[in-house]
Amino acid sequence: MSFEAEVIPLFIGGVIAVSAIEFFLGWRSLRHRKDLRGLFAGHVVAMLLGFFFLIRSLFANWLGVELGIVSISNSVNIGLFGLCWAVSAICVAVMISRLAAPRQ
């Protein structure tokens, strides 16, 4: 896939910057709910891992990744991105349900 030269490092840097900001603000916001911090960290890590697989699929040529059979490798990377995204969404859903539940 062809991209302008600036797109790839900006995308990768943007993912890292947004994830770092999300983690910092979320961790700080949950300072009184230490029971939810693990789920929040799991969400951020799962999304970063998912983006790793997405970036590997989209920008493999630019990153110098040897894929073997490209279509199979891309299919696996997209599938792993989807699984990581699902784990991330489950972490967020459980956090929301616990935040909405009355504290005991």
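**Exercise 1. Decide whether Ser57 is buried or exposed, and find which side chain Ser57 contacts.**

Solution. Ser57 has a relative accessibility of 14% and therefore counts as buried, where buried means under 20% relative accessible area, exposed over 50% and partly exposed in between, with a 1.4 Å probe and protein chains only. The model is a predicted one, in which local features need pLDDT of at least 70 and side-chain atom pairs count only at pLDDT 80 or more, while totals for chains, interfaces and linings use all residues. Residues are numbered from 1 along each chain as its sequence is written, and side-chain values use heavy atoms, with hydrogens and water left out. Next, Ser57 is placed in helix α2; helices are DSSP runs of H or I with at least four residues, numbered from the N terminus. Finally, the side chain of Ser57 makes a polar contact with the side chain of Asn74 at 3.2 Å, a polar contact being a pair of N or O atoms within 3.5 Å of which, within protein, one must be able to donate a hydrogen and the other to accept it, and residues adjacent in sequence count only if both atoms are side-chain atoms.

**Exercise 2. Describe how helix α2 packs against helix α4.**

Solution. Begin with the geometry: α2 (residues 34–58) and α4 (residues 70–100) pack at an angle of about 160°, and their axes are 8 Å apart. The axes are lines fitted to C-alpha atoms over the stretch in contact, and angles run from 0 to 180 degrees between N-to-C directions. The angle makes α2 roughly antiparallel to α4, a label for angles over 145 degrees, whereas those under 35 count as roughly parallel, 65 to 115 as roughly perpendicular and the rest as oblique. For the composition, the residues of this contact divide into 20 nonpolar, seven polar and three charged; Ala, Val, Leu, Ile, Met, Phe, Trp, Tyr, Cys and Pro count as nonpolar, Asp, Glu, Lys and Arg as charged, and the others, Gly among them, as polar.

**Exercise 3. Find how many salt bridges the whole structure holds, and characterise the partners.**

Solution. A search of the whole structure finds one salt bridge, defined as a side-chain nitrogen of Lys or Arg within 4 Å of a carboxyl oxygen of Asp or Glu. The partners are Asp35 and Arg33, whose closest N and O atoms are 3.1 Å apart.

Definitions and conventions
Helix = DSSP H or I, 4+ residues; strand = E, 2+ residues; numbered from the N terminus.
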